[in-house]
2 protein chains.
Amino acid sequence: MRSHYCGDINKSHLGQEVTLVGWVNRSRDLGGVVFLDLRDREGLVQVVYDPDLKDVFDVASTLRAEFCVQVTGLVRARPDSQVNSQMKTGEIEILGKGLTIINASAPLPLSMDNYQNNSEEQRLKYRYLDLRRPEMAERLIFRAKVTSYVRNFLDNNGFLDIETPILTKATPEGARDYLVPSRTYKGQFFALPQSPQLFKQLLMMSGFDRYYQIVKCFRDEDLRADRQPEFTQIDIETSFMTSEQVMEKTEQMMRGLFQDLLNVDLGEFPRMTFAEAMRRFGSDKPDLRNPLELVDVADLLRDVEFAVFNGPANDIDGRVAALRIPTGASLSRKQIDDYTKFVGIYGAKGLAWMKLNDLDAGIDGIQSPVLKFLTEDIVKQIISRTDAQTGDIILFGADKANIVAEAMGALRLKAGEDFNLLQGQWRPLWVVDFPMFEKVEGGLHAVHHPFTAPRGVSAEELKLDPANTVSDAYDMVLNGCELGGGSVRIHNAEMQSTVFELLGIEKEEAKEKFGFLLEALRYGTPPHAGLAFGLDRIIMLMTGANSIRDVMAFPKTTTAACPLTNAPGFANPQQLVELGISVIEKPKADAE
Amino acid sequence: MRSHYCGDINKSHLGQEVTLVGWVNRSRDLGGVVFLDLRDREGLVQVVYDPDLKDVFDVASTLRAEFCVQVTGLVRARPDSQVNSQMKTGEIEILGKGLTIINASAPLPLSMDNYQNNSEEQRLKYRYLDLRRPEMAERLIFRAKVTSYVRNFLDNNGFLDIETPILTKATPEGARDYLVPSRTYKGQFFALPQSPQLFKQLLMMSGFDRYYQIVKCFRDEDLRADRQPEFTQIDIETSFMTSEQVMEKTEQMMRGLFQDLLNVDLGEFPRMTFAEAMRRFGSDKPDLRNPLELVDVADLLRDVEFAVFNGPANDIDGRVAALRIPTGASLSRKQIDDYTKFVGIYGAKGLAWMKLNDLDAGIDGIQSPVLKFLTEDIVKQIISRTDAQTGDIILFGADKANIVAEAMGALRLKAGEDFNLLQGQWRPLWVVDFPMFEKVEGGLHAVHHPFTAPRGVSAEELKLDPANTVSDAYDMVLNGCELGGGSVRIHNAEMQSTVFELLGIEKEEAKEKFGFLLEALRYGTPPHAGLAFGLDRIIMLMTGANSIRDVMAFPKTTTAACPLTNAPGFANPQQLVELGISVIEKPKADAE
């Protein structure tokens, strides 16, 4: 039905007769000539209908937005005055000779031009129209290019694409599973996988050596802008490779991806330990575009007569960190109050500050509610340590270390944006040497997951000091977002049992939940390691979209519903009987 | 940890020192020398440990099956007498210099050598060991090659890989859906998709023009050898293409796949109408390797004095078909009785037969219980029409046409196998011109699905004679298996409403179930067509596996359970409360 895509017509086609199909993006009668912008997935082209071909012109006059039409015509150069350099096809136009309306369109239920006028609900309800917008279409086309690149890279590097089950057992990732009632085993349930973690480990035990899968994963969590009930992972696992080798290979993939699709050279990714990231940036996924850093000053404040400072400064779990914002002395009292409220979100009880109005004036040039508690020497050391200059402000977080990290880390990001400090477009890094465990009430919690191997210790050694053992895990971070994370896995049963034990998982529970893994570890399991990337988030970053919803064809709302299909919906009562389940809450009659 | 894969070592490496990792496939001490067959995913290699390196030899002596080990050694040629031409690496061996046991293995719970001794349940429970068998590993490696080929083909032909939701609304394919309870909308359920049919149509309405996805689909059906609760489709949809163009493109893909991976030229696929396929083969997926054909003889039998024949012969819905089996006169009475029982499975009430012991002897050379009802002329005409020869048997099916087709079609396949008649290895074809509807009790049923377009009629014309309208659908068939099927879809709302009406779907029900589709059809929907291939079945055929279970990494049993992970399992009662559902049948205490 077509000779070319609309968006592909250019000067090389001058003088050719072409046949195009597509949608009416816009159609206007300007002084007795119809100008039609015809759109297909490759772009727009302008078609001109002159009144001398009366029959065709009459049809053209009836066109309305989003009619699906077939056009034949002659490619000709636009007059110089009408060349549109913003458009791929802006140097040419089609002189229309024929026109067939394939399918008319009713008036549209949402605005195509001013899509910001459409509510998110409307956009999802009429998703098939929303996806006609070039911006949306281009994102999904870009997404297809990314997956194609990734697959080719992995195929060419000896990775095997192997499918793992969607109907499976409750997985250990910790989030809430989606359940699927079984009909043959009434009263029992499958779970949708939060990741294929154990299956990919089993594939290594089977000897497949290098596995990948671009795979749907599921979490029944309350949703945020970058969370969806189903999301897509680039899931990777390898045998006989060290963490260094896995990082090298996947970094190579990511560099290639950015080079190929965005013409961006990411360069070699720096490595940073978890400890350093927390110390300098208050985050395990630091945005390195932001030059602000936290500076520890507890050692200077141990003896000051100010409980807000000396408490945390003398607490082994406490921390006092300074954040210098260049030119920040310009902040108003109101703005400082807003920052104080902001850190309150993260549990900080206050925000001490110090404006350096004029360093030449010595202590008199400094304005701060806490100045009275500090000696001139301490102030000088703080200024020197933070590299502060006249006109800057220094903000202080003092609390438990985790609260300081979270609150001041968040404030660092906010101030970086507010003061327009971000440098460079893409700043990747690896964060490594994560602790194996974090302390939680009642015991230890796995920082990654319970299959992560500790670095360089035996099971016996791990037991002696679990809280200070680092794991052989690694996260790839870009611009403050975690693109993916992984680890070397435990490959012997004794170590695995020890980790379960340290996590407070009872022997019986471990056997019930992970018995098959512990059993599998007995039969010559190879050393293995892997990584999973969040595909949606990668596409979101690469396309500059604001939400992962904008890089998915048919996402759910924040209440996990689909306004397009009206999913979820009520079930056939007979089917519930077959499944051996019943609904507790009576559905509202009017919703039926 | 390795310099090469085991299976990749060959004469080009002679004299090189290599490092290998893998599993002990077999290890024997033969006359004071340890012969180790080391296995990785690429194959086996023989490693020889001489006693002169005592330390290493002592370790080698302790090896048992499925230990995971690292080997270093020197590649050398095998003595001529020991060259094994069956093995990829059969010309060389490794003289072992080093050996590290990476991970020992407990005695195996199933036999690796005589896997037929393992029950299906055992094989699935220890799937990670079952998948170590080269036969199984090779199938999954082959599968990865197939998906890689298919993706590259489609990527290079302008198809976009776009993901569609797994948590969606009940789909209209007719099989039972898997349900997923919603937590935010208590009492309501998502359904897992039986196919992304409506989403891919919506993507065409969005203008994506060419879509594909290799995607999991779900059916909660009772299982057979070639059915699994979750299976994988190569799902394709295009806009502005005719059925011919879709067939051409997908046939090209399949030919390329067979050429590339099996070095088989499938040639151009013949086309056959549904009517011809049913007439000649009693099946809409005829196995063309089988030369036997059904021959209609009702016209000859209308006036015979034998109700079994003259009833169906005079019934407009009846059929009398003859099946000639060359050399079949050798069948014993017992064998004919078995065939009679066999057709009984398909509802046939009996099986008339005629043995042509000696055609030169005229009617006396023919042996048949029905001979007495037939004139010599009728017998001659039957013999002539079926091309029968001395020594053949002719079998007769006489009943309702659908029973004759099914029973005699099945018997044709069975006889083809029994008499070893199959010719050629690969016999693809397209079956086209399916009827739109089949008559069922109470009305009409869609032969494909309710979105299939009729061929060449308007909605008005369709209403006039729905039962005799053919659809614009097509199935790709290979060796008697449906590889895939598809159709041109309905692209206007009036036609779609008419088809729903003819299928007895009430307006309200149509609106409730397919309202979004009917709405979407109003906004300039393009003509579109597509197809879905059953990936598992394609792999099964190409690898010669007996079951789709053997081409999946982690399949379910025939009761839809996973003996490896013990899925499904009991749910956390608290989670059921959150979902607003309860289990009706009390789970057995001992199963908890």
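Is R489(A) buried or exposed? With a relative accessibility of 2%, R489(A) counts as buried (buried is under 20% relative accessible area, exposed over 50% and partly exposed in between, with a 1.4 Å probe and protein chains only). The model is a predicted one, in which local features need pLDDT of at least 70 and side-chain atom pairs count only at pLDDT 80 or more, while totals for chains, interfaces and linings use all residues. Residues are numbered from 1 along each chain as its sequence is written, chains are lettered from A and ligands numbered from 1 in the order in which they are written, and side-chain values use heavy atoms, with hydrogens and water left out.

R489(A) sits in the loop that links strand 21 (481-488) to helix 13 (493-502) of chain A; helices (H or I, at least four residues) and strands (E, at least two) are DSSP runs numbered from the N terminus. Apart from neighbours within four places in sequence, the contacts of R489(A) include Q197(A), K200(A), E237(A), H449(A) and H528(A), where contact means heavy atoms within 4.5 Å. An unreviewed UniProt entry lists R489(A) under "binding site", together with E173(A), R219(A) and H448(A); UniProt positions are given in the numbering used here, feature names are shortened, and annotations may be inferred rather than shown by experiment.

R219(A) is found in the loop between strand 9 (210-218) and strand 10 (230-239) of chain A, and is partly exposed at 29% relative accessibility. R537(A), for its part, belongs to helix 15 (residues 535-543) of chain A and is partly exposed, with a relative accessible area of 26%. Beyond its neighbours within four places in sequence, R537(A) touches D226(A), C481(A), E482(A) and I548(A).

Elsewhere in chain A, strand 18 (residues 437-440) and strand 19 (residues 443-446) run antiparallel and are joined by four bridges; strands pair if DSSP finds at least two bridges between them. Here E438(A) stands opposite H445(A) of strand 19. Two residues lie between the strands of this hairpin, and G442(A) takes a positive phi near 90°.
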